[in-house]
Amino acid sequence: MSAAAPRKPCCVPAAASAPPPLQQAMPAGQAAPAGLLCIPGGSFAMGTDGTEGFAADGEGPSLRLDMAPFRIAATTVTNREFAEFVRATRYVTEAERLGSSFVFYLQAPERFRVQTGAAPSGLPWWLDLPHACWQRPEGPGSHIYHRPDHPVVHVSWNDAQAYCAWRGVRLPTEAEWEYAARGGLEGRRYPWGDELAPGGVAQCHIWQGDFPNRPAGGWQPGATAARSFAPNGYGLYNVAGNVWEWCADWFSPDYYRDPAARDPRQAMPTAARSIRGGSFLCHESYCNRYRVAARGSNTPSSTASNCGFRVAADPA
């Protein structure tokens, strides 16, 4: 990484305050679903020694790890799946309890763009939109009725943990996420190789146009269906772009440099949790975190219109 490259948190606005605590008992969890992909154990080089990323993200130096077998979902958790959880448990997400969530301004109707809370410092393209949540991704008047197979968004790390506890699964560690996202390709920039759009064909859903105010004609900001584009070599969809994905780890920029912090999970508490994969707002001109080695982070109670999660489990 270039030491001169400052951190650009364009895709991960952090909540200014935590919601009130959840006052409800959660039903007992289920058995892990049978449809998870089985990822074989093996050795791989995690991270990168390249200079494309941001020094503060701590993407390297690359580290060779031996991985035990595990299971992981082919897609991020969808609106349909999260709705099943809410119906069964009556769970109330942190965005709903707080009363607002971050929405990229071009996703929101124009009438809301001057009626919202203050944008995060240095991130004017985000709106702290009242009543935005997983059921109303763009705020009042929006809904998920016609998007059952899209990734659930506006879910915090804590919300993801609650879902996992009910579903009998867990969040993947950063090491598991990257190992699975590489799909068996060693040292490549993307899950499909080193070229972003081989033959001019898009392989992922990232920003098109001039970020953040002028999207390309016909391109709309927002997540696409969870099974968009071709899967990688292990069968995972959309591990580059679309929505950020929460991981189990606490985030540390020294992950690769401090052997005591790895298990290979970063279990030492910090202020933020790790996220991976980038989102539909990533673009080479500003934030290129859709690369497979790229890392991000956010506080555990933060929510936004470009952040979801996928689940993992130990071998059956």
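In which sense, parallel or antiparallel, do β9 and strand β12 pair, and over how many bridges?

Author: A word on the source comes first. This is a predicted model, in which local features need pLDDT of at least 70 and side-chain atom pairs count only at pLDDT 80 or more, while totals for chains, interfaces and linings use all residues. Residues are numbered from 1 along each chain as its sequence is written, and side-chain values use heavy atoms, with hydrogens and water left out.

The protein chain contains 4 helices and 13 strands; helices (H or I, at least four residues) and strands (E, at least two) are DSSP runs, numbered from the N terminus. Strands of a sheet pair through backbone hydrogen bonds, either parallel or antiparallel. Two strands are said to pair if DSSP finds at least two bridges between them.

Strand β9 covers residues 244-250, and β12 covers residues 307-308. The two pair in the parallel sense, over 2 bridges. Within β12, C307 is the bridge partner of W244. Strand β9 also pairs with strand β10 (residues 273-276), here in the antiparallel sense and over 3 bridges. In that pairing, I275 of β10 stands opposite W246.

Strand β9 is mostly covered, with 7 of its 7 residues buried. Buried means under 20% relative accessible area, exposed means over 50%, and partly exposed lies in between (1.4 Å probe, protein chains only). For the protein chain of 316 residues, buried residues make up 53%.

Helix α3 (residues 157-167) belongs to the surroundings of β9 and β10. The buried residues of α3 pack against α1 (79-89), α2 (94-98), β9 and β10, where a contact means heavy atoms within 4.5 Å. Those buried residues are W157, D159, A160, A162, Y163, C164 and W166. Just after α3, G168 takes a positive phi of about 75°.

The loop between β12 and β13 holds R310. Because its relative accessibility is 0%, R310 counts as buried. The side chain of R310 makes a polar contact with the side chain of E245, at 2.7 Å. A polar contact is a pair of N or O atoms within 3.5 Å; within protein, one must be able to donate a hydrogen and the other to accept it, and residues adjacent in sequence count only if both atoms are side-chain atoms. The R310 side chain also reaches the backbone oxygen of A74, at 2.8 Å.
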